[in-house]
Every structure is written in structure tokens, then in C-alpha cells.
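Colleague: I am new to this structure and would like to learn how to read it. Could we go through it feature by feature?

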Amino acid sequence: MKVLEVSQVCAEINNTRLLDDISFTMEDGSVLALVGHNGAGKSTLMKTILGVLEKSQGKIIINEDYNQDDAFLTFKQMISYLPEEPLLLTELTVMQHFQLYGMSYELAEKLLNERIERYVEGFELEDKLHEYPESLSKGMRQKVQTICALLPDTPLLLIDEPFIGLDVYAMDYLEELIKEKAANGTSILLTTHQLERIKEIADEFLMLQHGKIQSQGDIADFRTIQRRSKND
Amino acid sequence: MIRRAPVWKAYSLVRKGRFRKKMKMNKMAFDLMVDKTTAIYSLVVAAYMFSSIFIFGDILNEFHDYFIFMEENARSGFWLLLTALPIRYIMKSFREPGLKFSSSEYQLSLLPYSRGKIWLLTVAEKWIRQCAVYLIMGGLVILLTPISASLILSYLGLILVYDIIMSVPQWKLFQEKFLIKAGYLLLVILINFVGALTASPLAGLLLISGIIFINIILIPHLFKGVNWSKVTEISDFHIWNMLLISKASNTKFKRQKKYSIFQNSSRRKKPFQSEKDMQHRLWQLYLGKNYELLFQFAGTLLLVLVVLQFFSNLLFHIGLAVAVYAYASVSATFFIDRMQADIIQVLPWDLQQYKKHYFKWIIYGGCILLVPVIIYLGINLTVWAPFQFVFYCTSFLYIYHVKLERAIVLLGKRNITLNIKEGLGTIFAFLIGLTGIYPFISVSFIIILILLMRSENSSPLKPGEPV
């Protein structure tokens, strides 16, 4: 089953084309690594899929039925997103953030609490549940945001630079969780600059350069990203 | 031997860089917005207006008596101002620390420069700038009006003295919890009340002595308990929120983080007990962050409704129609903005739930606006008054629900037209205006009630409906 279908998508801001004719599909349980140099359009593509950034043309469909253009609310329900920079609210505690995700994704209270307990233990945040984000270190905030994104069971999980700010234990734990999610049928689109680690997680890669697809294929065929050049 | 660079050199380097960058940005924006011919014509028009009003015209003579009246009042009110001015700084401490200690100044303090000296340079710069502004303003008022120079100078001197002696208390108060700030505000209001009752300058003199004493106590603890992230974030916002740039680029400069006035309470750290609690908090936080805008908007509508009571019936009702329509429209705009802000933007939305819990806050705001309406209907009491009251409320509810439906359709990217409902909403607003002449129109509230019940059943997104 095609969990994600991105077809001829373009995105522009102030007449500058950020994404140009992007097309690809993802099957259920697959992990696609979005790679490219800084400014290649990886985060922009994620935001466009999520609907935060308006696309100028093309279509994005989830689970073969739900088009971003005419079933946006259901479409949103089917995506969980882990942003590069934590989006946590300064006025909600860590636990209240988890509850917010539980409410938004309509998770049953028992299931929510079980998952919170498991992930909080895994990421070593047991004593931080009632703290505000501003009293946490950057790495801890990243862990909180990571747990938030992992709480729901959505067909598609978008992960933008998941390993930034995490210590080596947290990175290993997250890698384990990503593999587990994929094994349970969640399709995962992720960006990272940790090229060695990505080979362990992803099945396929999609390389972007200046908002265009430069190459794509099996992760085993992936070598490295091109350096960004002024003349490109 | 370690040589230390003078702090003022590093500070002035930062300030010069900031000034140049702002100049460059303003120039770019100005070039984009105004061409040379328009600029020359605008200058000529401005010069003509200035000369016609202040040089060739006798406008100032016309206002001569008014200025004398002002001067008399200003003389008698000088001691009251002495007591009242600190309120201004305490009010400001809810929003800002009183000086611009931005992330650049903070970065500078991480280098081998004293944070205290950088703070002092920042505050001294503020005092010098204020002094220059007051001198220019005072000079203009002395030149253009017959008000005595000594009175103007003593007023400006008093304000400048308070600018200086309230810098430290405002800085420290800004770091404190909401209740502490509110407590100090209440205390100063109480002192003002006593001062006004006794009509003696003693209260003011005691207050100013107290403030000087507080300064002596606080100065050694200036950087104890400072929330630097909050200070720098707000300072950055004030420095880079440039009006010309916002206009030219058609974008609103947003603060990175907005600190709610409700933060810091331990009760609020407890997990939510229900979805209702969570929704309540989400709306409270959002509206709390935008309270300045909300107060301005509600204050304007309130002012319109109060002032228009002194004019004709028709004018009051036209004002009321505009207020009802504007309140409903702005409520919908806030609803959309809430969904497109912060973490909520990337989460799935149960828009019916958000709408349901938002309504309570709309009612709170509506109650404030109803006060002048009730006063008006009480003063102009007729047999139609109860019908008019219900008509205004139902009309607002109808327009509000249509506006919210439109917001939900837009957010959900649904292809649903609401032209008839929107048309009816405009007609009801128009009818509110007409009830000023034909109050019997207000019985049409029955039709609106029926429409409201029907629209409830034909909402674009019902709870639980698959979207």
C-alpha cells in the first residue's frame, strides 16, 4: 500500500522556487532517508508534506485516499512530525505536552500513559515530567519533542534531523524505536546528516539539491552527498 | 600580564553595527516604498501643513485659553503626578525590563567584559536618549505654546528623574512573578489614593524617598534571579520590530517565544485532569499572549460604544452594528491564528472542540461590550428594550458562528461555500443599525434563533464526523 504519494510538488516563497517538481512514493513500513547539503530543501519538503508550507502545485496523498487539498484534517491526523528545532510551549510542562499530543491524536488514556512511561524511562526523563521546557537542556528538550512525535500511531512519521543534540545512548535508543515503528508498519521519512547511521536505518534514499531530486534509490547504493557550491 | 579591552569600545562596536544595519534596512524599505518624486512632494506638503498651522495660521491663538487652562491644571496636578508616575513603570514591568539588553549585549557579557558595566552602559544610553527626546519635545512646546517654560521643564525633569530611579525597580520587578508585580501595583495605587484624599504632597515625597531607598537595597542584587532568556528575547523583539520593514515586507515580526503572564505558578504544573482543562489552558495561554492586542481592540470598541451614546440613536446603533461585526470577525481571525501558531500548527485539529472551548472566552469578552449597551437601553428604556437586547445578542451569535464556520472551512481546506449565511450575517448587522430608527425590527430575533438552531445542525464539521 502506498502510504505517501508526492506527485510533481513545487513550493515557492516570494517567487523563489524552493521545491521543484518533487515526486516519490513510500510503501508502508518503509524508511526513506532524505539527504542533501544545507539548504537543499529537506526541511521545506517536510513542511510542505505537513501542510505548514503551502505548495504551489502538485498533489500529496496519504494512504491512497486522503489528499492534502480536500481532506486536510484527516490528512493531518495521519502524520506525526518531529521538527528539527523543538516547538515546545514555554507554558506547558513536559507531561502536559504529552497530554496535548494524546488529546490531538485521540490516544486512549491507558495507552498514552503506558507509552509515556516507556519512552520517558528510555530517554531518562523520569524526574523532568513536571518541568517547563526552559528549565531543560537543549538535548532534553529534543528528547521531549521526540517522545511527543513517537506517542501516536500514524501511518506516516516525519523526522527532521532526529539525532541533533542527543547523547549517544539516546541516539541508539531512538534508532531502535524508529526501527520498531517501521516494523509495525509506520512509514518514516527522515532527514539527517549522520550518513553512517542512516544506512543502518533507511531502506531507500532520496537526494535533494537546490530543491530538486538529484538521485534516489536503494540505500545500499548511496555513497555521499555533494558539497554545496556557489556555482551550482 | 592580561590586558583588558575597555568595555565601552566593545559596546559601541555593537551599537554602531546595529545602527548601521537598521539604517540599511530602513533605507531599503524606504526605497522600496517611496520613489524620489513622491518623497519630494510629501516633504513639500508636510512643510506647507506645518507652516500653515504653526507659522502663518492663528490656530495657536485660537487655543490660547485652552493652553492657559492646561497650565493652571498642570500646576495644581504636579504633586499628584509625583505619586502617580511610578504606576507607569510598574505596569510596564509586566511586559518589559525597561532597558534593551539584547542577545548581542548578552553575548558580549560572555566575553571578558563585566556584565554590570554593559548593563550600566545600556541604561545610561537609555537615559541620555530620553533626555534628548524630552529636551526636543519641551523646546517645541515652549516655542509653540504660551505655557510657562519653568512648568514644562519641571514636568520633564520629574519624568526624567523617575525614568532614572525606576530603572532598577522595573528591571527587578520584571523578573518577579505576576502576583508580586500585581501586589506592588496595588500598593502604589493605594498610596495614590491616600495622596488624592489628603491632597498633600507628602505621599508623593514619601513615595519617591522610598523608591530611592529601594534602589540602594536592590543595586547590589541587580543580577540575582534574572531570567536572561526572557530579557534578551523581549529586547531583541523591541530592537528588530521595525515598523517600516514590516510595512515594506508585508510581514509581521513575531517574537521567538512569548512569555505568558500566567507562568511561574506551581498549581499550573500539575497534569491536566481532563480535555476540558487542557483546552481551557490552551486558549488561556494563547489569549494571554495576545492580551495587549485584545485590550486595545476591546478598549476601542468600548470607547466607541460609550462615546456614541452621547450622539444620536442612529449613530449609536451604527456603532453597535460595526462593533458586533468587528468583534465576530476578529474572533474568527484569532481562531485561525491560534491554529497556525506554535506547536498546535503541526498537530491534528479537532476544530469543533477548539471552537466549543473558544466560545466561553468570546462570551467573557462579549459581556464587557454589553455593559455600555445595557446602560444605553436602561437610559433609553422603551417597551422594545428587551427585544432589542435579545436581537443584538442573537445577531452577534449568528455572525460569530458564520465567521467561525468560514474559519473552519478555510483551515480544513474544504470546498464549501457559505455565501448565503454570510449575506444573512451582513443583513443582521445592517438591521442592528436600523433598530436605532425602527426598534420593532428587533422582534426578528425569532428568525435568527431558528437560523442558529438550523445552522447548528448543518455545521461543516460536526463532532466525530469523518473529515
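**Strands, cores and the contact**

Modeller: Let us begin with a pairing: β3(A) runs parallel to strand β9 (residues 204-209) of chain A, the two being joined by four bridges. Strands and helices here are DSSP runs, numbered from the N terminus, with at least two residues of type E for a strand and at least four of type H or I for a helix, and two strands pair if DSSP finds at least two bridges between them. This is a predicted model, in which local features need pLDDT of at least 70 and side-chain atom pairs count only at pLDDT 80 or more, while totals for chains, interfaces and linings use all residues. Residues are numbered from 1 along each chain as its sequence is written, chains are lettered from A and ligands numbered from 1 in the order in which they are written, and side-chain values use heavy atoms, with hydrogens and water left out.

Colleague: Which residue stands opposite A:L34 in β9(A), and which strand pairs with β3(A) in the parallel sense over four bridges, besides the one you named?

Modeller: Opposite A:L34 is A:L206. The other partner is strand β8 (residues 187-191) of chain A, again parallel and with four bridges; there A:A33 faces A:L190, and A:V31 has A:I188 as its bridge partner.

Colleague: Is strand β3 of chain A mostly covered or uncovered?

Modeller: A residue is called buried under 20% relative accessible area, exposed over 50% and partly exposed in between, using a 1.4 Å probe and protein chains only. In strand β3 (residues 31-35) of chain A, five of the five residues are buried, with A:V31, A:A33 and A:V35 pointing one way and A:L32 and A:L34 the other.

Colleague: In what order do the six strands form the open sheet?

Modeller: The order is β6-β7-β8-β3-β9-β10 in chain A, with mixed pairing. At the edges are β6 (79-82) and β10 (212-218) of chain A, each of which pairs on one side only, and the twist from one strand to the next averages 15°. Angles run from 0 to 180 degrees between N-to-C directions, and axes are lines fitted to C-alpha atoms, for helices over the stretch in contact. Taking contact as heavy atoms within 4.5 Å, helix α5 (residues 138-150) of chain A packs on the sheet and touches β6 and β7 of chain A, its direction making about 170° with that of β6(A).

Colleague: Which residues touch the most other members of the largest nonpolar core?

Modeller: A nonpolar core is a set of buried Ala, Val, Leu, Ile, Met, Phe, Trp, Tyr and Cys residues joined through side-chain atoms within 4.5 Å. The largest has 135 residues, and those touching the most other members are A:F24, A:I49, A:F98 and B:F335. Helix α18 (residues 385-411) of chain B gives the most to this core, namely twelve residues.

Colleague: How many residues does the contact take from each chain?

Modeller: It takes 35 residues from chain A and 35 residues from chain B. Interface size is often given as the accessible area lost when the parts come together; buried area here is that loss, with a 1.4 Å probe, summed over both parts. Chains A and B bury about 3,200 Å² between them, 62% of it on carbon and sulfur atoms.

Key: Buried area is the accessible area (1.4 Å probe) that two parts lose on being put together, summed over both.
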